[in-house]
Amino acid sequence: MPLVRVNSLDDARLDAYARLTEAQLRSKLEPERALFIAESTKVIERAFEGGCEPLSLLMEEKWLPSAQALIERMEARFPDLPVFVAPHDELSRLAGFEVTRGALGAFRRPALPSVADVVRGARLIAVLENITNHTNVGAIFRSAAALGVDAVLVTPTCYDPLYRRAVRVSMGTVFQVPWTRIGDDAPAVKGRPGAPALNWAETGVPLLHELGFTVCAMALSDESVPLDSPALAHAEKVALVFGTEGDGLAHETIAAADYTVRIPMAHGVDSLNVAAASAVAFWELRRSAVADATAERADAARS
């Protein structure tokens, strides 16, 4: 392995880890140079297995033995991958390094696919509207991976799933669940060619309908149906739309959706944290899909 021992984080080769802000890492003006940082060997492994291109690794000496097998697999594809090794005292200067289990990886940010490509063959997907909490974004991805959600779409104002904290909270599942942004490809808005829609649902919901999805807005309203409604259980393809904490979904989104959906609750509780609500909804609709598939197989066997 091409180990590169450094004595200080002042080394310019470590800028991605020590000095670049998240905005600079995303590099919207030069997307071909955009990066993200993966924290911990498990997340690094999932990023690599998810097809992301590693640019370098950074760790302290004591973690080399446990990371050796992963490093060798990465170097088999990227022989020139530098593995920077720095003293613990220097690495502890990095914010949050103590929770990374000793390893960081810089990866090239992949180009986002189209919505149609991401949801091809999908039955259950999630749409995250304006969720402005990295912990919630990461937690939703982790639930999506664990409970068999086929894809996640994020609106233009939703926080970045590849932000360090979101990646860490997701335990790297952002690299296992297909995702992309929806609502960035709107026509001219107020005379500005190519500007994104002020309301993603203006173009996003019709696109989901065109792709065959029943759009379900998770929100409290007098017209809402319970999550265990037969109408949802038997829908062929479902897109669950979740809103930000507090404000919830935009009125325009609720109006454009096919159903407004609530989770039945007890003891006067009216809502759950969006990450918890997403897990409940994923479980219920995935369970319904499995039940439908079992019934279909039974019907086919009898015929």
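In which sense do strands S3 and S5 pair, and over how many bridges? Strand S3 (residues 54–59) and strand S5 (residues 103–108) are antiparallel, with 5 bridges; in this pairing, Leu-58 stands opposite Leu-104 in S5.

A word on the ground rules. This is a predicted model, in which local features need pLDDT of at least 70 and side-chain atom pairs count only at pLDDT 80 or more, while totals for chains, interfaces and linings use all residues. Residues are numbered from 1 along each chain as its sequence is written, and side-chain values use heavy atoms, with hydrogens and water left out. Helices (H or I, at least four residues) and strands (E, at least two) are DSSP runs, numbered from the N terminus. Two strands pair if DSSP finds at least two bridges between them.

**The open sheet and its helices**

S3 and S5 belong to an open sheet of 5 strands in the order S1-S4-S3-S5-S2, where the pairing is mixed. Strand S1 (3–5) and strand S2 (35–39) are at the edges with a single partner strand each, so one side of each has no neighbour in the sheet. From one strand to the next, the twist averages 20°. Angles run from 0 to 180 degrees between N-to-C directions, with axes fitted to C-alpha atoms, for helices over the stretch in contact.

| Helix | Strands touched | Angle between directions |
|---|---|---|
| H3 (residues 41–49) | S2, S3 and S5 | about 20° with S5 |
| H4 (residues 64–77) | S1, S3, S4 (83–85) and S5 | about 170° with S3 |

In H3, Val-43, Ile-44, Ala-47 and Phe-48 are buried, meaning under 20% relative accessible area with a 1.4 Å probe, protein chains only. Seen down the axis of H3, these buried residues fall within an arc of 135°, so they line one face of the helix; the arc is that of the directions from the helix axis to the C-beta atoms. They pack against S2, S3, H4, S5 and helix H8 (164–169). Just after H3, Gly-51 takes a positive phi of about 95°.

**Strand S6 and its partners**

Strand S6 (residues 124–128) has 5 of its 5 residues buried. Leu-124, Ala-126 and Leu-128 point one way, and Ile-125 and Val-127 the other way. S6 pairs in the parallel sense with strand S11 (residues 238–242) over 5 bridges, and Val-127 stands opposite Val-241 there. S6 also runs parallel to strand S7 (residues 151–154), joined by 4 bridges; Ile-125 has Ala-151 as its bridge partner in S7.

Technical notes. Buried means under 20% relative accessible area, exposed over 50%, partly exposed in between (1.4 Å probe, protein chains only). Contact means heavy atoms within 4.5 Å.
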